[in-house]
Amino acid sequence: MSTESDLLEAFELHSTSRIRGALAAGASPIDPIQGKKPIDILIEMYTRSAQFADCLRVMLDAGATIGDRLLEAVLLDDDSALREILKTSRTELHRKLSLLCAYTSCKGVTALHICAEFNSVRCAGVLIEAGADINARADVDSSNALGGQTPLFHAVNSNQNHCGPMMELLVDAGAAIGDRLLEAVLLDDDSALRE
């Protein structure tokens, strides 16, 4: 097996030890794999787990870069870094971000959408406290076929309910649900389901 395939497999498993092993064996944290930066491959894959931020940190420590301080803070769920960013620029609270993502489109989304996609609960709390729009809509593509989703949609659409804590945070903060049945399911309200 090549060091590149070892690295990709480690990404898929969200295994920090295997990422370190692939890097130690010669996999590059920056050289493109199939035309993409390794860190972008890690970010855009289907796998979602509590180890994502740790895997991302290993890659950053090895020399990979994201190139966007806000995006990096949110993906790492680094609430301290996010607070510093918001202290120096309030416009970051509403700035649109775009990245490739295997699930819901993350084109023209807010930092809160990214928090919802990756279950960055600490950063989401900072954003909500700072006044982020919990019902912000993502940009819609030119054919009006993709986009327009709120952060809650990202949390609900997560793999194996990984973003359950984020979903609860958004609902508790007053995110618009818009459907009584969906609300009952999200809040695990059996009595409302029987009505």
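**Loops and helix packing: a quick chat**

Me: Hi! Where is Q34 found in this one?
Reply: Hello! In this predicted model, Q34 is found in the loop between α2 (residues 16-24) and α3 (residues 38-44).

Me: And what is its phi, given that Q34 is not a glycine?
Reply: Q34 has a positive phi of about 50°.

Me: Is Q34 buried or exposed?
Reply: Q34 counts as exposed, because its relative accessibility is 75% and the cut-off for exposed is over 50%.

Me: Staying in that loop, where does G26 sit?
Reply: G26 also has its place in the loop between α2 and α3. With a relative accessibility of 52%, G26 counts as exposed.

Me: How far apart are G26 and E4 in space?
Reply: Their C-alpha atoms are 8.6 Å apart, while in sequence the two residues are separated by 22 positions.

Me: Switching topic: what about D77, where is that?
Reply: D77 lies in the loop between α5 (residues 69-76) and α6 (residues 79-88). Its phi is positive, near 55°, and D77 is a residue other than glycine.

Me: Buried or exposed, that D77?
Reply: D77 is buried, at a relative accessible area of 9%, and the limit for buried is under 20%.

Me: Now the helices on either side. At what angle do α5 and α6 pack?
Reply: The angle is about 150°, and the axes of α5 and α6 are 9 Å apart. Angles over 145 degrees count as roughly antiparallel, so that is how α5 and α6 run relative to each other.

Me: Which hand does the crossing have?
Reply: α5 passes α6 in a left-handed crossing.

Me: Which residues meet there?
Reply: From α5 there are R69, L70 and A73, and they meet A81, L82, I85 and T88 of α6. By class, this contact has five nonpolar residues, one polar and one charged.

Me: Nice. One more helix: which residues of α10 are buried?
Reply: α10 covers residues 164-172, and G164, M166, M167, L170 and V171 are buried in that helix.

Me: Why do those buried residues line one face of α10?
Reply: Looking down the axis of α10, the buried residues fall within an arc of 160°, so they line one face of the helix. In general, an α-helix has 3.6 residues a turn, so residues three or four places apart point the same way.

Conventions:
Residues numbered from 1 in each chain as written. Predicted model: local features only at pLDDT ≥ 70, side-chain atom pairs only at ≥ 80, totals over all residues. Heavy atoms only, no water. Helix = DSSP H or I, 4+ residues; strand = E, 2+ residues; numbered from the N terminus. Buried < 20%, exposed > 50% of the residue type's maximum accessible area, 1.4 Å probe, protein only. Axes fitted to C-alpha atoms, helices over the stretch in contact; angles between N-to-C directions. Parallel < 35°, antiparallel > 145°, perpendicular 65-115°, else oblique. Left-handed = near helix turned anticlockwise from the far one by under 90°. Contact = heavy atoms within 4.5 Å. Nonpolar A, V, L, I, M, F, W, Y, C, P; charged D, E, K, R; others polar. Arc of directions from axis to C-beta.
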